[in-house]
Amino acid sequence: MGLTQGMLAPLRKPGAFNQGALLAFNPLVAAALFIVNMWLWHVPPVYQLAVTETWVHAAMHIAFMAGGIIYWWPVLQATPAKLTEGGRLLYLFVTGMPMGMLALLLIATNSVVYEHYNTTEGLFGLSPIEDQQVAGVIMGALGEFAGFIAISLLFFRYIDKEGLDEPRRGPDGLPIRDTTP
């Protein structure tokens with residue numbers, strides 16, 4: 001959030017890396033990458049590999065961090081698409097739904113999705129299904145909370161800016177001309 005336009009200038013220079021980064025930060029691409037990344041790592045065989053292989057587990061967390069940066073970039077920084085506050089609100093609202101569905105899947109299913117947890121005792125003595133449901137609640141609650149905070153801040157900023165471009169009007173409803181030099 002503290003990056004200045006000068007710090008971002010190298011990103012705008014020609015080059016394959018910069019072009020790829022600019023494409024990734026496009027809101028449509030960023031949202032798709034984030035959603036696909038989250039869902040891909042939660043596919044049972046992929047998840048199973050991540051809990052059994054250290055290097056895959058590390059790759060998963062790197063992918064989560066990179067996906068998160070790419071996802072939040074259009075909200076926090078100016079992108080070539082230059083989203084308005086209304087566009088940022090829509091971006092967050094629309095992209096929140098697939099993530100909520102992933103959390104709901106973990107909460108609502110009657111069977112354990114990840115076989116790895118059938119062989120372990122859950123934290124605090126929870127059964128594997130209870131542990132999975134708690135994980136779904138945490139995933140959904142944290143995601144919704146972050147989205148709620150961001151949407152609330154953007155909404156109030158949007159409302160605050162509304163009407164600033166409209167001319168001041170007199171009691172008769174006609175625009176008042178500014179005659180100050």
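## Overall fold

From the N terminus on, the elements of the protein run α-α-α-α-α-α-α. This is a predicted model, with seven helices and zero strands. Of the 181 residues in the protein, 28% are buried. Among contacts between residues at least 6 apart in sequence, 58% join residues at least 24 apart.

## Helix α3

Helix α3 covers residues 27-41, 15 residues in total. From its first C-alpha to its last it reaches 21 Å, close to the 21 Å expected at 1.5 Å a residue. At the start of the helix, a side-chain oxygen of Asn26 comes to within 2.9 Å of the backbone nitrogen of Leu28.

The buried residues of α3 are Pro27, Ala30, Ala31, Phe34, Ile35, Asn37, Met38 and Trp41. Viewed down the axis of α3, these buried residues fall within an arc of 160°, so they line one face of the helix. The face turned away from the buried side carries the exposed residues Leu28 and Val36.

## Aromatic pairs

The structure holds seven aromatic pairs. One of them is formed by Phe34 and Tyr71, which are stacked, with 4.2 Å centre to centre and 25° between the planes. Phe34 lies in helix α3 and Tyr71 in helix α5 (residues 54-76), so the pair ties together parts that are 37 residues apart in sequence.

Both partners are under the 20% limit for buried residues: Phe34 has a relative accessible area of 13%, and Tyr71 has one of 6%. Phe34 and Tyr71 also belong to one aromatic cluster with Trp72 and Tyr91.

## Nonpolar core

The largest nonpolar core has 19 residues. Phe34, Tyr91, Leu92 and Met99 are those with the most contacts inside it. At least two residues of this core come from each of α2 (16-24), α3, α5, α6 (85-108) and α7 (128-161).

Leaving aside neighbours within four places in sequence, Leu92 is in contact with Tyr71, Trp72, Val75, Ala150, Ile151 and Leu154.

## Two histidines

His42 lies in the loop between α3 and α4 (44-52). His42 is buried, with a relative accessible area of 13%. A polar atom of its side chain lies 2.6 Å from the backbone oxygen of Met38, and Met38 is one of the buried residues of α3. Not counting residues up to four places away in sequence, His42 touches Phe64, Leu102, Tyr114 and Met139.

His61 lies in helix α5. At 40% relative accessibility, His61 counts as partly exposed. The C-alpha atoms of His61 and Trp41 are separated by 9.7 Å, and the two residues are 20 apart along the chain. Trp41 is among the buried residues of α3.

Note on methods. Residues are numbered from 1 along each chain as its sequence is written. This is a predicted model: local features need pLDDT of at least 70, side-chain atom pairs count only at pLDDT 80 or more; totals for chains, interfaces and linings use all residues. Side-chain values use heavy atoms; hydrogens and water are left out. Helices (H or I, at least four residues) and strands (E, at least two) are DSSP runs, numbered from the N terminus. The expected span of a helix is 1.5 Å times one less than its number of residues. Buried means under 20% relative accessible area, exposed over 50%, partly exposed in between (1.4 Å probe, protein chains only). The arc is that of the directions from the helix axis to the C-beta atoms. A polar contact is a pair of N or O atoms within 3.5 Å; within protein, one must be able to donate a hydrogen and the other to accept it, and residues adjacent in sequence count only if both atoms are side-chain atoms. Rings of Phe, Tyr and Trp (its six-membered ring) pair if their centres lie within 6.5 Å; planes under 30 degrees apart count as stacked, over 60 as edge-to-face and the rest as tilted. A nonpolar core is a set of buried Ala, Val, Leu, Ile, Met, Phe, Trp, Tyr and Cys residues joined through side-chain atoms within 4.5 Å. Contact means heavy atoms within 4.5 Å.
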